[in-house]
Amino acid sequence: MTSDPISDMLTRLRNAIAAKHPKVDVPGSKIKTEIARILKEEGYIANYKIADEGVKRVIKIYLKYTPANEPVISKIQRVSRPGCRVYVGNKDIPKVLGGLGINILTTPKGVMTGKAARKNGVGGELLCHVW
């Protein structure tokens, strides 16, 4: 059991991208499924599927690469962690690389990107930056 499952997911993604793997398996949870959904909607991963392997749920994330075999995700960085939670208001949501990347936040209205949170007028816990 890891103390920070979201950080574990992001580390698995980083390691799979560094090794040029076509897919990576991540232990499943609702919040990790929502993060994978956002990454797919924003075009950072090719696809994801939820599979039940016995009692455990697994998220199979299919990574996306450019025609030159470069990964689409150049960096993925955890912001809020169990020892130091980072909360932002809707006016304080930072832009990633001047708008080229995305933030992923947990808000009272669900997990969403920083752009969607600004549009809906909600703040929340800043989970990670992706670019």
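1. Charge convention: Lys and Arg count as positive and Asp and Glu as negative, with His and the chain ends not counted. Each charge is placed at NZ of Lys, CZ of Arg, CG of Asp or CD of Glu. On that basis the protein chain carries 23 positive and 11 negative side chains, and the centres of the two sets lie 3 Å apart.

2. Basis: this is a predicted model, where local features need pLDDT of at least 70, side-chain atom pairs count only at pLDDT 80 or more, and totals for chains, interfaces and linings use all residues. Residues are numbered from 1 along each chain as its sequence is written, and side-chain values use heavy atoms, with hydrogens and water left out.

3. Fold: the protein chain has three helices and eight strands. Helices (H or I, at least four residues) and strands (E, at least two) are DSSP runs, numbered from the N terminus. Their order from the N terminus is α-β-α-β-β-β-β-β-β-α-β.

4. Burial: 40% of the 131 residues of the protein chain count as buried. Buried means under 20% relative accessible area, exposed over 50%, partly exposed in between (1.4 Å probe, protein chains only).

5. Contacts: residues 24 or more positions apart supply 60% of the protein chain's contacts with a separation of 6 or more. Contact means heavy atoms within 4.5 Å.

6. Threonine 113: this residue sits in strand β7 (residues 110–113). Threonine 113 counts as buried because its relative accessibility is 10%. Its side chain reaches the backbone nitrogen of alanine 116 at 3.2 Å. Beyond neighbours within four places in sequence, threonine 113 is in contact with Ile38, Glu42, Ile102, Asn103 and Leu105.

Conventions. Polar contact = N/O pair within 3.5 Å; in protein donor to acceptor, adjacent residues only side chain to side chain.
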